[in-house]
Amino acid sequence: MKYLRSFARFWWDFIVGDDWRVAAGLALALGLTSLLTHNGVNAWWLLPLAIAFLLAGSLWRATRAPGERAG
Amino acid sequence: MEDVSTSTVLLILGAFLASAVEMVEALTIVLGVGVVRGWRSPLIGVGAATIALAALVAALGPALSVVPIGTLRLVVGALLLAFGLQWLRKAILRSSGHTALHDEDEAFRRHREQAATATSERKAGLDWYAFTVAFKGVLLEGLEVVFIVISFGSAQGRLGLAAAGAAAAVVLVTLAGVLVRGPLERVPENTIKFAVGLLLTSFGCFWGAEGAGASWPGDELSLLGVIGFLGLLSFVLVRVLRRQRLGVLASGAKA
């Protein structure tokens with residue numbers, strides 16, 4: 001059980017990292033891009049915009065939270 | 001032809017830089033252990049980790065080639081985006097002074113001290129501490145390289161080129177380590193990490209949108225536009241965060 005938890009923790013840190021909201025936002029943006037594209041809108045612009053908002057938001061939270069970890 | 005060359009160059013560059021920066025960190029760990037406890041056990045650990053990583057690439061590379069390219073690009077794009085944004089976020093926080101810069105010299109000192117105080121235990125004729133530290137260090141740093149090489153290579157159908165870029169970095173860093181006989185603290189690690197974060201996020205954005213069914217204007221040339229956009233965004237964010245930090249410091253000094 002301990003090894004299973006460590007394994008899951010490793011992959012969580014590897015893929016999701018310090019801010020799960022970024023990963024969730026990216027999944028949402030990719031889903032929206034797919035939805036729009038399959039409804040006739042070529043939504044190539046959505047992902048870069050989503051990245052800009054998610055990155056800025058994550059940095060805003062990190063610089064307001066005490067003890068941001070160095071990696 | 002020109003647009004294919006652009007993405008190919010960026011692919012090799014991304015794999016090379018990511019591999020170089022991870023190998024510098026792995027080299028620091030191996031050196032820190034090796035100079036204190038001797039070279040045999042850490043080098044066997046490095047060899048074992050390298051074989052494990054090579055087996056992973058050999059197994060996953062061909063397996064991914066049977067996945068449809070659209071699905072592969074969507075999944076790889078999503079993973080690269082999540083992974084790349086972590087690198088970019090940390091690089092921006094470091095460049096703006098909100099977190100400490102990674103210091104190889106300091107890391108080397110720390111590994112050396114830990115190696116000197118660790119107890120000596122022998123298993124299978126090896127100094128077990130030196131073996132496991134070197135093995136885990138190379139395996140964990142190498143896993144990130146394997147992830148980048150496989151995702152870059154498979155999504156563009158050029159696994160061999162991505163692997164060659166990474167292998168070139170491994171050879172270069174190893175040679176530099178042997179020549180310098182110390183940690184490579186002069187390598188501009190944080191700048192390289194910034195560039196790698198930018199490339200990972202840009203490739204992830206490009207392939208993620210393509211995998212979701214969108215078509216980029218200008219096809220693969222728009223990758224340069226994505227890199228430019230994210231580069232400019234990062235530059236602005238570093239400036240804003242640096243100004244914000246200096247403002248807080250100035251008001252703290254006045255109070």
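Biologist: Which helix of chain B is Ala176(B) found in?
Modeller: Ala176(B) belongs to helix 6 of chain B, residues 159–180. Helices here are DSSP runs of H or I with at least four residues, numbered from the N terminus. This is a predicted model, where local features need pLDDT of at least 70, side-chain atom pairs count only at pLDDT 80 or more, and totals for chains, interfaces and linings use all residues. Residues are numbered from 1 along each chain as its sequence is written, while chains are lettered from A and ligands numbered from 1 in the order in which they are written.

Biologist: Thanks! How does Ala176(B) count: buried, exposed or partly exposed?
Modeller: Ala176(B) counts as partly exposed because it has 16 C-beta neighbours inside 10 Å.

Biologist: New topic: how many residues of chain B are in contact with chain A?
Modeller: 31 residues of chain B are in contact with 28 residues of chain A; contact needs C-beta atoms, placed from the backbone, within 7 Å.

Biologist: Which helix of chain B gives the most to that side?
Modeller: Helix 3 of chain B does, with twelve residues. Helix 7 (189–211) and helix 8 (222–254) of chain B are also among the elements giving two or more.

How values were computed
A residue is buried if 20 or more other C-beta atoms lie within 10 Å of its own, exposed if 12 or fewer, and partly exposed in between; C-beta atoms are placed from the backbone. Two residues are in contact if their C-beta atoms, placed from the backbone, lie within 7 Å.
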